[in-house]
Amino acid sequence: MTPARRRRLGVLLALVVLAAVAAGLLGYALRSNINLFFSPSQVAAGEAPVGRQIRAGGMVETGSVARDADSLAVTFTVTDFQASLEVAYQGILPDLFREGQGVVVVGRLADDGVLQADQVLAKHDENYMPPEVADALAAAGKSPADYRRTE
Amino acid sequence: MLLPFIPEVGHFALILALMMALIQAGVPLAGAATRRPLWMAYARPMALGQFAFLLVAFASLMASFLLDDFSVAYVANNANSQLPWYYKATAVWGSHEGSMLLWCLMLAGWGCAVAGLSRRLPAALMARVLGVMGLVGSGFLLFVLLTSNPFTRLLPNVPGEGADLNPLLQDVGLIIHPPMLYMGYVGFSVVFAFAIAALLEGRIDAAWTRWARPWTNVAWAFLTVGIALGSWWAYYELGWGGWWFWDPVENASLLPWLAGTALLHSLAVTEKRGSFKSWTVLLAIFTFSLSLLGTFLVRSGVLTSVHAFANDPTRGAFILILLGLTVGGALTLFALRAPRVSQAVTFGWLSRDALLLVNNILLVVMTVTVLLGTLYPLILDALGLGKVSVGPPYFNALFVPLTALLCLFMGLGPVARWKRMPARELWRRLAGAALGAVVLAALAPLVYHGRWNPGVSLGLLLALWLVLSLARDLVDKLRHARSLGAGLRRLAPAYWGMQLGHLGLAVTIVGVTVVSNYNVERNVRMAVGDRVEVAGYTFALRSLGKRRGPNYVADVATLDVSRDGESRFTLHPEKRLYLARRMPMTDVALRPGLLRDLYVAMGEDLGDGAWALRIQYKPFVRWLWLGAALMAAGGVLAVADRRYRRGREALRRNDEVTAS
């Protein structure tokens, strides 16, 4: 092996090692910062971890939204028509949050089974259905259209 | 009497534009390969013709909007007779079909500009550059005509009224945000075409870089402005005062920006030192590929956001195929031809070359980081491994340290010399700047806020390090001049462009740091007569009322804001209900300022005459966008450099003091 080739091999090996380290770090950062999505049925079945940040979603059940009289605390339930999940939130709900609307919430599941939400997401389109919610509903054998009919 | 046929005129013009794009792609490239001047000469007229016909198509669509022609499906879905005329005109790019037409128009516009402004380009290079742009244009025009035709009619059942433009998009920010962003995305097609042309010719010289650099700068400046406008729009239009969400769509625009920034710097090395040639070409390919990837992500419906209009899977597949062909073709060509253009140039480990290499590596790592975080959920979903989302903590955890590292080297770069820089001299010139930055950054949070804050100090340290080292460099450059004026005149616009661009980043970093750490947000329940204090300002709700706009009704709150017992001004936030779509929207009341913004948004009606209000104090938030504006100005200013205007003379080596 000529010296030039040996040097090139050294550089190449260093690059491979660096790339591996970088990929490892990226993977680690990714692993500790991703939020898995759970449907209300999955939460009811105990599949969702308690105390870790997760995403959950479904349709906001009609008549379930309850506002506290003198603070911004609010509770509501989301459903995929198989199971319901109670959500507690403190703050201002998005413009398009409505009963009978698909929403996604980000938060931690408390020991009592209530999801303490940090964020409530309802997208800016009245026909919009978060894909996770649509899939969760489909998995439960329902479609949002069914829900509209029963309203 | 021609009026009813306007959409058909537009449709026909679109087809003609496609034909011209196909000729522009085929004939000049074949001509350049077989050295036939006549065939090569097809490139310019076809580029001009394609642009002219796209202009006709675009004008036809705009006319259909202005005339409320709801027989055109796209108009019926995105406009309403109640809509003010200026939103009718801009609704043209308010949804998928029209924005793709705008995309094609701009691509043809850039091609036309190359044909018109780079007239002294050697004939073969011109033929190849325009040929490649014609190829890209043909792909996108086919996409528009086959999958997203904006001129499709709803006949014979013409709706009497349109569905209205999404209220979120009825805003001045949205009038200019997409065109700017697209100008940036599409603008990178020019340097891409130059890169492919260089590979086809098997030759890259200083003249080539001088042709390609201004186009890259301008596209990059447009993209910078586009991203900043998007952030500004989200800040005041979405009603909760965030300015960057690491939303996949934002990431899609950040990716080509990061790669493009690396490209700008790599081009500098290629021009000045003749090295990094194949790397530059590769970056040009990557930058444009990332622009295309952004288009795919936003347009295919795989992402869900305000921007995701299309749910038609054929569109996603079409763009994915276009993306695959472009990237695959370009990379294959690169693999076959790159060894021909590369050239070994040596440089020391401490030199401007090496520092720019580090800059490039860091920017590419940042690009990969963002790319991974954006694509990871999509890949998992496609493989059926579960639905995840990658949150801001991931991006912040990786992006902040990488930016810090980047800034560290950015301070050294402009001061260092090409080829070799003795460490001792570098230290001698920059020790003062480093010391000054450390001391000022450590003290600033104490002075500003009374308490030390490591995050703020770190951010300010980076910004001050950038600014002070730039200032030191300027002082050193002026030291030997006869007079200050003479010294200033001797510095080239490219140097000032660099100064301004780097200063812009420092300003943005200050904005990000201060607003992230000292932002005060209070969500409160308020009835008429209630008062609340936020960051020294007292907000008193004076009254609640109603108002009717052209296409909406609104609840309006009136708040008196005072400070130190002294009444200052009133704010009028609104909660609007857009009638056509029955869609509620928050209209924020802002009191902007260079040092702080006051931000009041109406949340929800809580009943009993009380409203939930979101009141925020956002210090230095304007600096975010001010910095972006400075960066863009720097990019444009660098283009004014004389060496880009000299045409053939530019082949001669330029020995002036330039920043490059």
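In the contact between the two chains, 32 residues of chain B meet 25 residues of chain A, where contact means that the C-beta atoms of two residues, placed from the backbone, lie within 7 Å. This is a predicted model, in which local features need pLDDT of at least 70 and side-chain atom pairs count only at pLDDT 80 or more, while totals for chains, interfaces and linings use all residues. Residues are numbered from 1 along each chain as its sequence is written, and chains are lettered from A and ligands numbered from 1 in the order in which they are written.

On the side of chain B that touches chain A, α13(B) gives the most, with five residues. Helices (DSSP runs of H or I, at least four residues) and strands (E, at least two) are numbered from the N terminus. By class, this side of chain B has 16 nonpolar, 10 polar and six charged residues; Ala, Val, Leu, Ile, Met, Phe, Trp, Tyr, Cys and Pro count as nonpolar, Asp, Glu, Lys and Arg as charged, and the others, Gly among them, as polar.

Strand pairing also links the chains: β1 of chain A (residues 34-38) and β1(B) run antiparallel over three bridges, pairing being called when DSSP finds at least two bridges between two strands. In this pair, A:I34 stands opposite B:V390.

Within chain A, strand β6 (residues 102-109) has neighbours on two strands. Seven bridges join β6(A) to β2(A) (residues 53-60) in the antiparallel sense, with A:G58 opposite A:V103. Strand β7(A) (residues 115-121) is also antiparallel to β6(A), over six bridges, and here A:G107 faces A:A117. β6(A) and β7(A) form a hairpin with five residues between them, and A:G113 in the turn has a positive phi of about 85°. Six of the eight residues of β6(A) are buried, that is, 20 or more other C-beta atoms lie within 10 Å of their own.

In chain B, helix α7 (residues 123-147) has 19 of its 25 residues buried, so α7(B) is largely enclosed by the rest of the structure.

The largest nonpolar core has 234 residues, of which B:A17 and B:C104 touch the most other members. Such a core is a set of buried Ala, Val, Leu, Ile, Met, Phe, Trp, Tyr and Cys residues joined through C-beta atoms within 7 Å. Helix α8(B) (residues 172-201) gives the most to this core, with 19 residues. Leaving aside residues up to four places away in sequence, B:A17 touches B:Q50, B:F53, B:L54, B:A57, B:A108 and B:L141.

Definitions and conventions
A residue is buried if 20 or more other C-beta atoms lie within 10 Å of its own, exposed if 12 or fewer, and partly exposed in between; C-beta atoms are placed from the backbone.
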